[in-house]
Each structure stands twice: as C-alpha cells, then as structure tokens.
Amino acid sequence: MLKTVYAYGLRRREAQRLDLADRRHASKMPQYGQYGAWFVWWGKSSKGSPPKRRTVLTVPEMDWIVEVLEH
C-alpha cells in the first residue's frame with residue numbers, strides 16, 4: 001500500500017478507500033493494462049463541499065508500480 005501511495009501521490013483518505021474496482025485502462029498506455037489509471041472517489045474537498053472525484057494516471061517514471069500491483 002505504501003508503494004501505491006507513493007507512486008500515485010494519494011492522500012490518506014484516498015488510499016484508505018481505494019478498491020480494486022477503481023482500476024481503469026489508459027487508452028494511450030496499453031502496456032499498463034488494467035493499472036493505467038485509478039478512479040479516486042474520495043479526493044480532497046473544498047471547505048463546505050463534498051469530496052471531489054479524480055482520476056490518477058500511471059506515469060512512465062513510476063511504471064514499476066504495475067509489476068508490484070500485478071504481483
């Protein structure tokens with residue numbers, strides 16, 4: 001989990017609520033397979049508003065995380 005937080009720059013709440021169903025394919029990076037992006041449901045919220053949703057992409061500098069997640 002620590003490597004996932006580091007590779008994607010997730011916040012604590014985002015990492016806590018991350019689920020395998022949130023995996024996405026990145027159409028521009030097919031070599032990453034199902035780990036091309038993560039759909040984060042519980043992102044940082046503004047004052048007085050609900051949490052924002054965001055998509056976090058796998059970047060080439062952190063492509064080692066794909067092998068870790070597949071393992």
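Author: Helices (H or I, at least four residues) and strands (E, at least two) are DSSP runs, numbered from the N terminus. This is a predicted model, in which local features need pLDDT of at least 70, side-chain atom pairs count only at pLDDT 80 or more, and totals for chains, interfaces and linings use all residues. Residues are numbered from 1 along each chain as its sequence is written, and side-chain values use heavy atoms, with hydrogens and water left out.

Reader: In which helix is Glu70 found, and is Glu70 buried or exposed?

Author: Glu70 belongs to helix 3, which covers residues 64-70. Buried means under 20% relative accessible area, exposed over 50%, and partly exposed in between, with a 1.4 Å probe and protein chains only. Because its relative accessible area is 55%, Glu70 is exposed.

Reader: Why is Thr4 called buried, and which residues does Thr4 touch, not counting residues up to four places away in sequence?

Author: Thr4 is found in helix 1, residues 2-8, and is called buried because its relative accessible area is 8%. Contact means heavy atoms within 4.5 Å. Not counting residues up to four places away in sequence, Thr4 touches Gly9, Leu10, Leu18, Ile65 and Leu69.

Reader: Where does Met62 lie, and how many Å apart in space are Met62 and Thr4, C-alpha to C-alpha?

Author: Met62 sits in the loop that runs between strand 3 (54-57) and helix 3, and with a relative accessible area of 17% Met62 is buried. Leaving aside neighbours within four places in sequence, Met62 is in contact with Tyr6 and Ala7. Met62 and Thr4 are 58 residues apart in sequence, and their C-alpha to C-alpha distance in space is 9.9 Å.
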